[in-house]
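Hello,

Here is the structure I promised to pass on to you. Have a look at it first, and then read on for what turned up in it.

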Amino acid sequence: MGSVGNTDTIVSLPDNQNAWSCSSLPATTDRKPVTEQHVSDLRKALKELDEGSILLVPGDDGYEDSLRRWSRAAEKRAGAVLLLKTPSAIAKALRYASEHTIDLAVRGGGHSTAGASSTSGGLVIDLSSMRSVTVDSTAKTLAVQGGAQWSDVDDAAWEHGLATVGGTVADTGVGGLTLGGGYGWLSGTHGLVIDNLISCEIVLASGEVVRASKDENADLFWALRGGGQNFGVVTEFILQAWKQDNVWAGVMLFPTEKLADILDVLNEIILEMRGRGACVLGFSRPPPAGGQVLIIIAVFYDGTEEEGRARFQRLLDLGPIMNTATSVPYNSVNRMLHVPQGRRVSMKGASFTLPLRFDFVKSTMDAYAQFTSEVPHSQESLLLYEIFEPGKICEVANHEMSFANRGRRMNAMVGPMWTSPEHDARSRAWAREVADMFKAELSRSKGSDGKGEGLGVYGNYDQYDEKSRDVFGGNYARLQELKARYDAGNMFNKLFSVAPAV
Ligand SMILES: Cc1cc2nc3c(=O)[nH]c(=O)nc-3n(C[C@H](O)[C@H](O)[C@H](O)COP(=O)(O)OP(=O)(O)OC[C@H]3O[C@@H](n4cnc5c(N)ncnc54)[C@H](O)[C@@H]3O)c2cc1C
C-alpha cells in the first residue's frame, strides 16, 4: 500500500475550477481527504465482505490507470479508489464515507469534463466493473448495471432486435448521461433517456439500498431524472426498449462554400421528418483533407435505406465530397462519430433554434477555424449543432421530472481539444466565447423570452459556469427538499450540487 498522506495535488483544473469560475462544483466543502486509517478500515471491511472489491492507493499497480478520465484535464489524484462490484460493497463504503465525512466521487463512464467523477485526495467509487446488461425480450426491458457504457447497452439490446434511447458515442457512461437527462439518435421518437427509465436501484448516503420508480419512492425517482448525481450511487437502471430495425446513417463531408445551401436544406428537411431523422452539423479538419476546415454532417434516419435517402435527398443533391451513409445495424451507430482519446478536452453547452441563420453559423465556423489554427494540436476540436424535431421530448412538462430543459431549443456543443496544460485557459476561453455567440444569437431571434423553449442549459454538456439553479430552474426548490431527506450531509456534491433545504 502506498502513502495516502500527501495526495491533495490537483494535476489539472477541470472546466469549473479555473480562474473564472467555480460553479457546478461547490466552492468549498467540509468533506475530508482519505487517511491511512480510512484505507485500513475500508480494506478490512471489504475483505470481510469478500465480493471481489479492489482498493487502490497511490503507488499501487493500477492506481494511475484508475485516475484516467475521458478528458485528461478532468483527472485528479484520489486518496483511494474503490473498484466495487455489488450494492452491498457500495453500501459499506458509503456508510463509512458518511460516518467519516470523506470527500467522495462516483465514476461511471468517466466522461465528465468538469472532473465530476474525480476527487483530489478523497475516495472514488469506481463502477467500471459493473457493466452487465440483461435483456428481457418479452417485456422489452434492459437491466443495466450502473457502470455500463452505451456500447454495452446497444450491443446487448440489438441481439434481441431491440434498442433504447442512448448516447451517441459508444464509450460514454450510462450513469452520468442518464442521471442528467440523456439525448440520443432516438430522442425524436422516444424522448430523452430518462423518459425511458422505468426504475433504478440506488444506494443512498446512509448505505440503504432502495428502488425508485413511479410506484416506489416516487419523489426520489422524480429527483433522479435530471438531478440524479446528487442522491446516491445507482447500481441498476431498468430501461424501456423498443423494437428496432437497421437504420440509415453515416457521415458526409462538404466544403465550407456549401454552408448556405446546407443550412437552407437542413432548416426545412429535419423538422419534416417528424422525429425519425436527425443530424449533427459540425466542423472538422480531417487529416486526409490536408487539415483544411470542412463541414461534417452525421445523418440518421430510423428507416430503410430507401426512406433515408429519400428524406435526405436534397442534402445528397448538394454533392458531399465524402458520404458513408448506408443501412446499418442500430448498435453500430454509436461508433459513427470518431472521438479521439487521451486529449485535454472541455465541453461547453449552448443552444439554438431553427432556422439556423447563415451569418451566425458562418461566424462560429470562422471562430472554429481561427482557434484550431492558433492552438497547437487542437485540430480535432468539436463544434456541433444537434438538429432534430424535439416534439416528443416536449410531451413531458418541465415539472414532471427534475430535468428542466425541455423545449424547442436544441443543443450545441463546443468542445475544444488540446494537449498541453499551458493552453487550458485559452481553450476554455474560446469555448466560452463561442457559447456567448450562441446566447447573442438566441436573444436576437424570435421567441427569445424563453417561453416554451426550456432553459436552454443542458447540464451534461454545460459544466462550466452554470449554477445548479440555472440547470434545474423552477425544480431547484423541490430538489433541495429531497436532498435534505436523502443526502443531508451533501456527500454527492460533485456536479450541480443541490444545497439541502434547512
Ligand atoms: C464523447 C462524449 C459524447 C457524449 N455524447 C452524449 C450524448 O450523445 N447524449 C448526451 O445526452 N450526453 C452526451 N455526452 C455528455 C454526457 O452525458 C456527460 O459527459 C455525462 O456526464 C457522462 O456520464 P459518465 O458516466 O460517462 O461520466 P462520469 O464522469 O463517470 O460521471 C458524470 C457524473 O455522473 C455521476 N455518475 C455516473 N454514474 C453514476 C451512477 N451509476 N450513480 C450515480 N452517479 C453516477 C458521477 O458521479 C458524476 O457526477 C457526451 C459526452 C462526451 C464526452
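Let me start with Asn331, which touches Asp154, Asp155 and Trp158, leaving out residues up to four places away in sequence; contact here means heavy atoms within 4.5 Å. Asn331 sits in the loop between β16 (326–328) and β17 (344–345). Helices (H or I, at least four residues) and strands (E, at least two) are DSSP runs, numbered from the N terminus. Asn331 has a relative accessible area of 14%, so it counts as buried (buried is under 20% relative accessible area, exposed over 50%, partly exposed in between, with a 1.4 Å probe and protein chains only).

Before going further, please note that this is a predicted model, in which local features need pLDDT of at least 70 and side-chain atom pairs count only at pLDDT 80 or more, while totals for chains, interfaces and linings use all residues. Residues are numbered from 1 along each chain as its sequence is written, and side-chain values use heavy atoms, with hydrogens and water left out.

Now the domains. The protein chain is assigned domain 1 (36–126), domain 2 (133–243 + 466–486) and domain 3 (247–444); such bounds come from an automatic or database domain assignment. Between the C-alpha centres of domain 2 and domain 3 there are 25 Å, and 36 residues of domain 2 are in contact with 36 residues of domain 3.

Next, the nonpolar cores, meaning sets of buried Ala, Val, Leu, Ile, Met, Phe, Trp, Tyr and Cys residues joined through side-chain atoms within 4.5 Å. The largest has 75 residues, and Val144, Leu220, Phe231 and Phe237 touch the most other members. Helix α7 (residues 218–227) gives this core its largest share, 5 residues. At least three residues come from each of domain 2 (133–243 + 466–486) and domain 3 (247–444). Apart from this core lies another, of 47 residues, including Met273 and Phe283.

Finally, the ligand. Which residues come nearest to the ligand? Of the 32 residues around it, they are Val106, Gly108, Gly110, Ser117 and Tyr458, where a residue counts as near if one of its heavy atoms lies within 4 Å. A backbone N or O atom of Val106 is 2.6 Å from a ligand oxygen atom, and one of Tyr183 is 2.7 Å from a ligand nitrogen atom. In Asn460, a side-chain N or O atom lies 3.2 Å from an oxygen atom of the ligand.

Enjoy exploring!

Notes: Polar contact = N/O pair within 3.5 Å; in protein donor to acceptor, adjacent residues only side chain to side chain.
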